[in-house]
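Subject: Handover of a structure and notes on its features

Dear colleague,

Please find below the structure that I am handing over to you. My notes on what was found in it follow directly after.

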Amino acid sequence: MNDTNKINRLLCFSMLFLCANVFAQWSVLDNDKRFLLNKSESYLYQPFTDEQWNSSNFATEKEMKWFKDARYGMFIHFGLSSYVSKDLSWPIVYTRKAPDQGHGEYPESVWTKWPEKFKLEKFNADEWVKIAQEAGQKYIVVIAKHHDGFHMWDTKYSEFKITNTPFGRDYIKEIADACHKAKMPFGFYYSQRDWYHPDYAPVDPNTIKQISDPPYYQALPGKKVAPGSSHSKYIDYQYKAIEELCTKYGKIDIFWFDAVYWGGMFTADMWDSENLTRMIRRLQPGIIINNRASIPGDFDTPEQRIGMYQKRPWESAMTLNGSWAYSPEPKIRSVKSLLQEMLSAASGNGNVLLSWGAHWNGEFDGAQKDTLLAVGKWLKNNGEAYYGTNGGPWMPSKNYGSVYSNKKIYIYVYNWDKEKLSLPRISGNKLLSASFLNSNEKLIYTEKDSFITFNKPKNPDKLVTVIVLNMINNVSEVQEIKTSTSVFDDPAYGEKFKVVKLKKTDWKDKNAIIDLHTDKKVTGLSISGNAGTLIISVSKDGKSWENEGTSSENLGEISISSFLAGVYIPGKEIRYIKLENQLKPNLDITIYSK
């Protein structure tokens, strides 16, 4: 096995006291310290023994190079849900089959009729690819089948497909052809989950009861968790469907599965993953495959957050406006925030796969497109500091990040919180010169003792300041990876919003209510004090309350999250925070928001 397939031993981790966040997935060896030390979030990691890891299948380092160099891709979420301008599957499909829980908004008698209205009058695959190119995105991943089971290609193995709609054409073929014509790397998103297929039953619902924590089910008394009797037929169908995708559409560069391990919720035997992925590699030599089939795969897949530094490739799946597919709400995110996420990912040696979707008629939203093109304009001018780089040599932080390529280092400064930025000197290497990449100002810097100090420019770039360093030797050293002592060091949690000092007199009966006086997207609380058991609830109107959990005597960091498309992500729009405690303690509460 190549060294590049060996997982790093010690990477950044966060120890949480109270948290229910499911927003990332990392494949690790079972002695990885993130997994061993972060027991409260062990479900974020799928651990493997050395034997399991070494016996799996991987792309080679050479086959992975284009992906690592590309850094930025377009994720196109488009399908039946576009009829009501909502996310795919989760808010739509009423019946979610085990082991998934809950219900969507529309009964099967309603949403399964939407294909009758699918016309895509304004769909133009060449135009979609052109937008990706102008946006600076170097590869495209498109939904072939989501959890609703609707096939966006002309399959022989189902009648629930796009060629049986008024549109009548093979959507996947047209996008694949357009990508090949433009020499744009292209991949499929394929969900193993299928809430429509009659034979799909990775878990027999008669053998389990639902629970609130990962893996979200456990065996009933006297029962053993087992697949449903029809599931072997589903696996057979899935082999045929994936073989079809890998043989009808020319070269495929990425295969993107989506049934994450989640502490054992989905396991490799449910899909015969080792054999299935080996078939894909045989049919598509050089293809790369993510880690969402419960085997290690070629790259890790954090979701709706930016991962921390590691050598093994990873890709954060992010959204343009908080919705995977087209939706008018939430509002489109700023160019600055999108760029900061992309550059933070590159600083951590990772990619960003940015998701959006078209209107029901097949045309992208104009305002969303303009935002992507604005990002592309910045990348056109500053791409040397992004594409084809490696994360490091300094570990990323909230205010800055860095990447390197050969003898050059690029420093991204998002926020000059001070008048100067000081970084440790690179041992065994010499700085020849330093300048701004995206400013005509002269960079003033000093080298003293073990640090290089850069002065803040008079007019910092409104998006991000880029500093370029020319070194005498090639850069290869990455500064020592330090463990993170706070979950709020992760940029996904935003910044400190305010500090509240609760006194005994602030408590009424056993409750204390904090009014933020405005709706804020609160990501968490850091609480210090002597309280014993503390119950935390949040509300937007002060009437309806959501319980965020109960702390132990060791108060600490409390993450506040929202459920989006099967995953918990940091942040919830609230105005009020309620704490319940019999002792009415004095507490210092730091509130984080983004």
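Which backbone oxygen does the side chain of Ser 27 reach? The side chain of Ser 27 reaches the backbone oxygen of Pro 296, at 3.5 Å. Please bear in mind throughout that this is a predicted model.

Ser 27 belongs to strand 1, which covers residues 26-29. With a relative accessible area of 0%, Ser 27 is buried, because buried means under 20% relative accessible area. Besides reaching Pro 296, the side chain of Ser 27 makes a polar contact with the side chain of Asn 291, at 3.1 Å.

Trp 53 stands 26 residues from Ser 27 along the chain, and the C-alpha atoms of the two are separated by 9.5 Å. Trp 53 is part of helix 2 (residues 50-55). Its relative accessibility is 1%, so Trp 53 counts as buried.

Helix 5 (residues 125-134) packs with helix 6 (residues 171-181) at an angle of about 50°, and their axes are 8 Å apart. Helix 5 and helix 6 are therefore oblique to each other, and their crossing is right-handed. On the side of helix 5, the residues that meet helix 6 are Ala 125, Asp 126, Trp 128 and Val 129. Helix 6 contributes Tyr 171, Glu 174, Ile 175, Ala 178, Cys 179 and Lys 181. By class, this contact of helix 5 with helix 6 holds seven nonpolar and three charged residues, with no polar ones.

Helix 7 (residues 231-248) and helix 8 (residues 273-283) have axes that come within 10 Å and cross at roughly 20°. Angles under 35 degrees count as roughly parallel, and helix 7 and helix 8 are therefore roughly parallel to each other. The crossing of helix 7 and helix 8 is right-handed. From helix 7, the contact draws on Gln 238, Tyr 239, Ile 242, Glu 243, Cys 246 and Thr 247. From helix 8, it draws on Asn 275, Leu 276, Met 279, Ile 280 and Leu 283. Seven nonpolar, three polar and one charged residues make up the contact of helix 7 with helix 8.

Helix 9 (residues 335-347) and helix 10 (residues 366-382) pack at an angle of about 55°, and the distance between their axes is 10 Å. Helix 9 and helix 10 are therefore oblique to each other; their crossing is right-handed. Val 335, Leu 338, Leu 339, Met 342 and Leu 343 are the residues of helix 9 in this contact. They meet Thr 371, Ala 374, Val 375, Trp 378 and Leu 379 of helix 10. Nine residues of the contact of helix 9 with helix 10 are nonpolar and one is polar, while none is charged.

**Backbone features in loops**

As background, most residues other than glycine have a negative phi, and most peptide bonds are trans.

Where does Arg 71 lie? Arg 71 lies in the loop between helix 3 (61-70) and strand 3 (72-76). Although Arg 71 is not a glycine, it has a positive phi of about 70°. Its relative accessible area is 1%, so Arg 71 is buried.

Asp 449 also has a positive phi, near 55°, and is a residue other than glycine. Asp 449 is found in the loop between strand 17 (445-448) and strand 18 (451-455). Is Asp 449 buried or exposed? Asp 449 is exposed, with a relative accessible area of 64%.

Two cis peptide bonds may be noted as well. One runs from Pro 214 to Pro 215, with omega near 10°. Pro 215 has its place in the loop between strand 6 (208-210) and strand 7 (217-219). Another cis peptide bond joins Gly 392 and Pro 393, where omega is about 5°. Pro 393 is located in the loop between strand 12 (390-391) and strand 13 (400-405).

With kind regards

Technical notes: Residues numbered from 1 in each chain as written. Predicted model: local features only at pLDDT ≥ 70, side-chain atom pairs only at ≥ 80, totals over all residues. Heavy atoms only, no water. Axes fitted to C-alpha atoms, helices over the stretch in contact; angles between N-to-C directions. Helix = DSSP H or I, 4+ residues; strand = E, 2+ residues; numbered from the N terminus. Parallel < 35°, antiparallel > 145°, perpendicular 65-115°, else oblique. Left-handed = near helix turned anticlockwise from the far one by under 90°. Contact = heavy atoms within 4.5 Å. Nonpolar A, V, L, I, M, F, W, Y, C, P; charged D, E, K, R; others polar. Buried < 20%, exposed > 50% of the residue type's maximum accessible area, 1.4 Å probe, protein only. Polar contact = N/O pair within 3.5 Å; in protein donor to acceptor, adjacent residues only side chain to side chain.
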